[in-house]
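Have a look at the model first, then read on.

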Amino acid sequence: LATELPADAIVMETDSPDIPPQWRYRTAEARAAGATMRNEPAELARIGAELAGLRGETVDALAAATTANAVASLPRLAGLLADASHA
């Protein structure tokens with residue numbers, strides 16, 4: 001699916017703390033010992049890099065496309081992004 005979706009159909013987010021990426025997965029034994037496997041926003045950059053690699057795109061190209069998609073879906077986001085770039 002990651003390779004077949006058109007770029008304009010992808011928006012990146014991490015609102016699923018219960019679905020960790022593979023590199024965050026821990027065995028039952030590790031979890032019992034207290035190891036975490038929670039997905040969180042800090043993982044977004046690596047998730048994007050993995051997705052870009054699967055698609056044969058650069059990280060910058062994927063970031064530009066997914067940012068444009070997010071702004072198209074959430075128009076008020078454009079103002080937040082503009083404010084952040086001036087800070």
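This is a predicted model: local features need pLDDT of at least 70, side-chain atom pairs count only at pLDDT 80 or more; totals for chains, interfaces and linings use all residues.

Residues are numbered from 1 along each chain as its sequence is written, and side-chain values use heavy atoms, with hydrogens and water left out.

**Helix H2**
- H2 runs over residues 44-55; helices here are DSSP runs (H or I, at least four residues), numbered from the N terminus.
- Gly48, Leu51, Ala52 and Arg55 are the buried residues of H2, buried meaning under 20% relative accessible area and exposed over 50% (1.4 Å probe, protein chains only).
- They sit on the same side of H2 because they cover an arc of only 100° around the axis, taken from the directions from the helix axis to the C-beta atoms.
- The face turned away from that buried side carries the exposed residues Gly53 and Leu54.

**Pockets**
- A pocket is an open set of points on a 1 Å grid over the protein atoms alone where a 1.4 Å probe fits, with protein on both sides within 12 Å along at least five of seven lines; lining residues have an atom within 4 Å of a point.
- The largest pocket is lined by 17 residues, and Val11, Met12, Glu13, Ile47 and Leu51 lie nearest its centre.
- The second largest pocket has 15 lining residues, with Met12, Leu44, Ala63, Thr66 and Thr67 nearest its centre.

Definitions and conventions: Helices (H or I, at least four residues) and strands (E, at least two) are DSSP runs, numbered from the N terminus. The expected span of a helix is 1.5 Å times one less than its number of residues.
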